[in-house]
Amino acid sequence: MKNIFYMPVLVTIFTVLVSCGSSNSDHDGSSEVLKEETNVDPDAKGGNTCLLSYQEKLGELLTGEMASSVTGLSVEKMETKLNNILKNPEYYSIEYKWKTDRTEERTVGNMTLNWPVVYFVKLQDINDRSLKEFKASYKKATKEQVEQANNAIDEGFDRKSGNEKVNKQIDKLDELGVDKKTQKSTSSSIGSVIGEIAQAYSDVEGVGDAASWNSVEKRLYVLEKGVQFSISIRMSDDDEVNKAQAIQLAKEIIAKCG
């Protein structure tokens with residue numbers, strides 16, 4: 001079960017490696033371009049103190065009634081799950097779920113199972129982030145960047161990447177007692193999945209200072225005045241329906257701090 005704890009670390013390492021070589025450098029002119037395009041200071045973060053104040057009050061920022069209204073599903077049949085175990089509130093989340101009578105096929109290892117379909121709306125990731133960081137984190141990766149990341153994984157675990165963020169994540173794996181062989185083999189096995197996610201981002205206009213939809217995660221990432229949050233939603237097999245509902249909820253959330 002240890003992989004449950006270190007999988008997020010591996011995902012972070014792969015994500016960092018995907019973004020290597022992209023417009024993160026202070027010398028590539030990206031800050032000036034972002035400022036011209038958005039009229040927002042690309043390096044400022046934490047300005048929306050109202051949104052930050054909801055880190056430990058997620059149920060007030062996204063209520064069950066809001067989730068029910070946008071989805072058209074009953075509050076009475078809704079299950080609420082609040083995740084606030086970790087010390088850092090930026091990792092808290094609240095999820096509203098509705099069970100259905102439907103099933104779908106999922107492949108687990110060598111088995112194909114009929115898996116229950118659950119509809120959900122989830123709010124998470126409230127933390128301070130600059131526009132420049134947001135754009136670098138939630139932009140569509142190229143196939144070449146994903147290939148480079150896969151090729152750089154072994155070098156990263158051998159601490160040859162020269163990337164401080166990667167080294168910090170590897171320190172976490174070492175602290176968890178994950179041996180190098182397991183680190184490398186597990187990271188390589190999830191590379192294709194994370195690569196698919198990294199290529200599934202698309203910019204969304206008209207929501208906050210910046211927003212990006214990930215069609216694989218069914219998740220909308222939003223930045224408003226230096227603070228980000230995300231809405232994950234599955235209410236339909238139609239990705240455009242999920243996206244539209246996530247956008248509607250995001251606008252309602254932003255309006256609470258307008």
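1. Start with the charges: Arg102, Glu104, Arg234 and Asp237 are tied together in a network of salt bridges. A salt bridge here means a side-chain nitrogen of Lys or Arg within 4 Å of a carboxyl oxygen of Asp or Glu. By that rule the count is 7 salt bridges.

2. Before going on, a word on what you are looking at. This is a predicted model, where local features need pLDDT of at least 70, side-chain atom pairs count only at pLDDT 80 or more, and totals for chains, interfaces and linings use all residues. Residues are numbered from 1 along each chain as its sequence is written, and side-chain values use heavy atoms, with hydrogens and water left out.

3. Within it, Arg234 forms a salt bridge with Glu104, and the closest N and O atoms are 3.2 Å apart. This pair links distant parts of the chain, with Arg234 in strand β7 and Glu104 in strand β2, 130 residues apart. Arg234 counts as buried because its relative accessible area is 10%; buried means under 20% relative accessible area, exposed over 50%, and partly exposed in between (1.4 Å probe, protein chains only). The strands and helices named in this note are DSSP runs (helices are H or I, at least four residues; strands are E, at least two), numbered from the N terminus.

4. Another salt bridge to look up joins Asp125 and Arg219, whose closest N and O atoms are 2.3 Å apart. Again distant parts of the chain are linked: Asp125 sits in strand β3 (residues 111–128) and Arg219 in strand β6, 94 residues apart. Both Asp125 and Arg219 are buried.

5. Compare that with Glu79 and Lys99, whose side chains meet in a salt bridge at 3.6 Å, N to O. Glu79 is in strand β1 (residues 79–83) and Lys99 in strand β2 (residues 93–108), 20 residues apart, and this pair too links distant parts of the chain. Glu79 is partly exposed, with a relative accessible area of 34%, while Lys99 is exposed at 67%.

6. Now have a look at β6, the strand that holds Arg219. Is β6 mostly covered or mostly open? Strand β6 (residues 219–224) is mostly covered, with 6 of its 6 residues buried. Arg219, Tyr221 and Leu223 point one way, whereas Leu220, Val222 and Glu224 point the other way.

7. What lies on either side of β6 in the pairing? Two strands pair if DSSP finds at least two bridges between them. Strand β5 (residues 210–214) runs antiparallel to β6 and is joined to it by 5 bridges, with Ser212 standing opposite Tyr221. Strand β7 (residues 227–234) is also antiparallel to β6, joined by 6 bridges, and here Leu223 stands opposite Gln228.

8. Most residues other than glycine have a negative phi, and most peptide bonds are trans. Lys218 has a positive phi of about 55° although it is not a glycine; Lys218 is in the turn of the β5 and β6 hairpin, which has 4 residues between the strands. At 23% relative accessibility, Lys218 counts as partly exposed. In the β6 and β7 hairpin, with 2 residues between the strands, Lys225 takes a positive phi near 55°.

9. On to the helices. How many residues of α5 are buried? Helix α5 (residues 64–71) is mostly covered, with 6 of its 8 residues buried. Those are Gly64, Met66, Ala67, Ser68, Val70 and Thr71. An α-helix has 3.6 residues a turn, so residues three or four places apart point the same way. Just after α5, Gly72 takes a positive phi of about 80°.

10. At 35% relative accessibility, Lys57 counts as partly exposed. Lys57 and Tyr92 are 35 residues apart in sequence and 9.5 Å apart in space, C-alpha to C-alpha.

11. Finally, which residues gather in a patch of negative charge on the surface? They are Glu32, Glu36, Glu37, Asp41 and Asp43. Patches are made of residues with over 30% relative accessible area and no salt bridge, with like charges joined within 9 Å. Asp and Glu count as negative, and the place of a charge is taken as CG of Asp or CD of Glu. Accessible areas come from the Shrake-Rupley method with a 1.4 Å probe. Glu37 lies in helix α2 (residues 30–38) and counts as exposed at 59% relative accessibility.

Technical notes
Patches are made of residues with over 30% relative accessible area and no salt bridge: like charges are joined within 9 Å, nonpolar side chains (Val, Leu, Ile, Met, Phe, Trp, Tyr) within 5 Å.
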